[in-house]
Amino acid sequence: MDKAPDAIIKPKNLPATTPHPPSTARRGPEPAASGWLGHHDEPQLAARFAELDEKARVTAVKMTGGLSPVSLALAWADWAMHLSLAPGKQMHLAQMATEQAQRYAKFALRSMQPNSENAVDPLPQDRRFADPAWKQWPYNMFAQGFLLSQEWWQAATNGISGMTRHHDDVVSFEVRQALDRVAPSNFIATNPVVRAEIAKTGGANLVKGSLNALDDWQRKNSGKLPAGVDQFVIGKDVATTPGKVILQNNLIELLQYEPTTAKVFAEPILVTPAWIMKFYILDLAPHNSLIRYLVEQGHTVYAISWKNPEPKTDPHDADISFDDYRKLGVMAALDAIGTIQPKDKVHLLGYCLGGTLAAIAAATMARDKDERLATLTMLAAQVDFEDPGEISLFLDDSQIAFLEAGMRERGVLEGEQMAGAFQMLRSNDMIWSYRLHNYLLGNRMPMNDLMAWNADSTRMPRRMHSEYLHKLFLENQLVEGAYEIEEAPIALTDIRTPVFAVGTVTDHVAPWRSVYKLHIYNHTDVTFVLTSGGHNAGIVSEPGRKNRSFQMLERKHGERYIGPNTWLKKAPQHQGSWWPAWQQWLAQHSSEGQVKPPSIGSTEYPVIGDAPGTYVHVR
């Protein structure tokens, strides 16, 4: 296919982006003059009223940190009103409170005995009270009282007939946040581990903790990365796989990695990461770099490094659309690869949001009879957003209106704001545990490459993020057949290339059952893998890593659909990393035999510089 001339911008002389024309809404006939206002004055006043509303929303966003008070109020009103209409539920909660009081009283009688039996056990993932010191009186009383309260509130905010599912989730989340704030593990007076450390160090731990808190505050206000991140230097400690930048446009740098084997598979791999974070999640330290692993297995690998939008220096960045990521990202990269390897099809890999984009690109190419893809691999990526996981707590019409008000003022969704949302989803681990270890115990939690990458956040263009939230999360257009590319709808059922999809067991961003729904919307061979770990650690799961396992099962085209629960029972269990299984799958879907590695770059796409490029350094 001919390369679209406006999709590629020649390196070393980058012109400014072309601003997108403002969207226009359909308008009815001009209203006739009525009352004391003429029709010429009404549009001007309406614009002023709208501007006033916008300023009010922006002010509210600043006061609430981006959370919509309307959304929260509606959820609590829904809970309170439906609970008031449920006398049976009220009686059940009253009975439960009485039984808990009795259990707590019985526990109090034996609480001074060593290893006394608990009145209630913490959830399996709750490690706050794991230290043996919490078994001692009176700290066991504090812990048990908290856990009983948590148990009661969980019952009080779940299972109320008539509540919308979204409001139920929001209220449960808010109660969990409130309880986490007052957990006895957060306070010096009620935490035996902290008190023991004070006795041991003479209070030096609190001095160190205060210095840690001051350092964090200074770093945050000066725009510096969190403590410990600096020890992982991009290009030196992470993102070290040798390669070259062969394309740079206003949205991406395309990296081509140097071969390490004498022969390679003919079909190259194009890595499309999410632009929510930097691309090097797939190229961390040498021992856990997926890109390096693929190169060492004889694959030619290209990877997209997304630009971190900067509306302050380039106002046009705010108007980058979701489809710009397809055109200037995936399609521009495929065009460049096509000049280097014109006869070879491409294995397209997409991770997280990059996986959703890869599926959209593949469906568009299938619609347009573009046959450049050999396979499609999707890592922790959704196409059906009916059940997008805990992130849906922050996504309803009111909340998105607040987000858009903030984005219109700044031109982007700040990376710090998005990171804060994900931290709230795991506040016990990412907020309160951090505060305990760093501020109360005075110990800097050790940093690893994955944590350093997670702290290296990016910004989201206003227009792209708004389109993403409305078209995918709220309207679920991609699986409804309503998602349009270039004024024509696309369908995932048009994809005919084999698909390899990976879900992770404890993923709170893309729940694996939501990822699994790809089976419903795809009429080709689908190999699905469910691996241990979460959204990031489950994907960065190199061979040799301890305590890793996965299940894998292929559904051939024409075979009947089975649900996720049946799949769990049927799919064989394997120990170790899923990477080798995927690499073998890639090899099976590549040409027989291996060939001489392609050149790095081409006449049309000459080498610009060394990997990992320049875009990855923008913060």
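## Cavities in the model

A cavity is a set of grid points where a 1.4 Å probe fits but cannot get out. This predicted model holds three cavities of 30 Å³ or more. The largest cavity has a volume of about 90 Å³. Its lining is made of Leu67, Ser71, Leu72, Val170, Phe173, Glu174, Leu393, Phe394 and Gln399. Two elements, α2 (69–84) and α5 (165–181), each give two or more residues to that lining. Helix α5 supplies the largest share, three residues. By type, the lining of the largest cavity has six nonpolar residues, two polar and one charged.

## Helices α11 and α15

Two packed helices are described by the angle between their axes and the distance between the axes. Take helix α11 (residues 397–410) and helix α15 (residues 462–474). Their axes come within 10 Å and cross at roughly 170°. Angles over 145 degrees count as roughly antiparallel, so α11 is roughly antiparallel to α15.

Which residues of α11 and α15 make the contact? From α11 come Asp397, Ile400, Leu403, Glu404, Met407 and Arg408. From α15 come Arg462, His465, Ser466, Leu469, His470 and Leu474. The residues of this contact divide into five nonpolar, three polar and four charged.

## Helices α6 and α7

Now turn to helix α6 (residues 192–201) and helix α7 (residues 204–222). Their axes come within 7 Å and cross at roughly 110°. Angles of 65 to 115 degrees count as roughly perpendicular, so α6 is roughly perpendicular to α7.

In α6, the residues that meet α7 are Val194, Glu197, Ile198 and Thr201. In α7, their partners are Ala204, Asn205 and Leu206. The contact of α6 with α7 has four nonpolar residues, two polar and one charged.

## Confidence

How high is the average pLDDT of the chain? The chain averages 89, and 91% of the residues score at least 70. Over residues 1–34, the pLDDT is below 50. In the model, this stretch has 47 contacts beyond near neighbours in sequence. Where pLDDT is low, the predicted coordinates should not be read in detail.

How values were computed
Residues are numbered from 1 along each chain as its sequence is written. This is a predicted model: local features need pLDDT of at least 70, side-chain atom pairs count only at pLDDT 80 or more; totals for chains, interfaces and linings use all residues. Side-chain values use heavy atoms; hydrogens and water are left out. On a 1 Å grid over the protein atoms alone, a cavity is a set of points where a 1.4 Å probe fits but cannot get out, and a pocket is an open set with protein on both sides within 12 Å along at least five of seven lines; lining residues have an atom within 4 Å of a point. Grid points are joined across faces, edges and corners, and a volume is the space filled by probe spheres set on the points. Helices (H or I, at least four residues) and strands (E, at least two) are DSSP runs, numbered from the N terminus. Ala, Val, Leu, Ile, Met, Phe, Trp, Tyr, Cys and Pro count as nonpolar, Asp, Glu, Lys and Arg as charged, and the others, Gly among them, as polar. Axes are lines fitted to C-alpha atoms, for helices over the stretch in contact, and angles run from 0 to 180 degrees between N-to-C directions. Angles under 35 degrees count as roughly parallel, over 145 as roughly antiparallel, 65 to 115 as roughly perpendicular and the rest as oblique. Contact means heavy atoms within 4.5 Å. pLDDT is the predictor's confidence in each residue, from 0 to 100.
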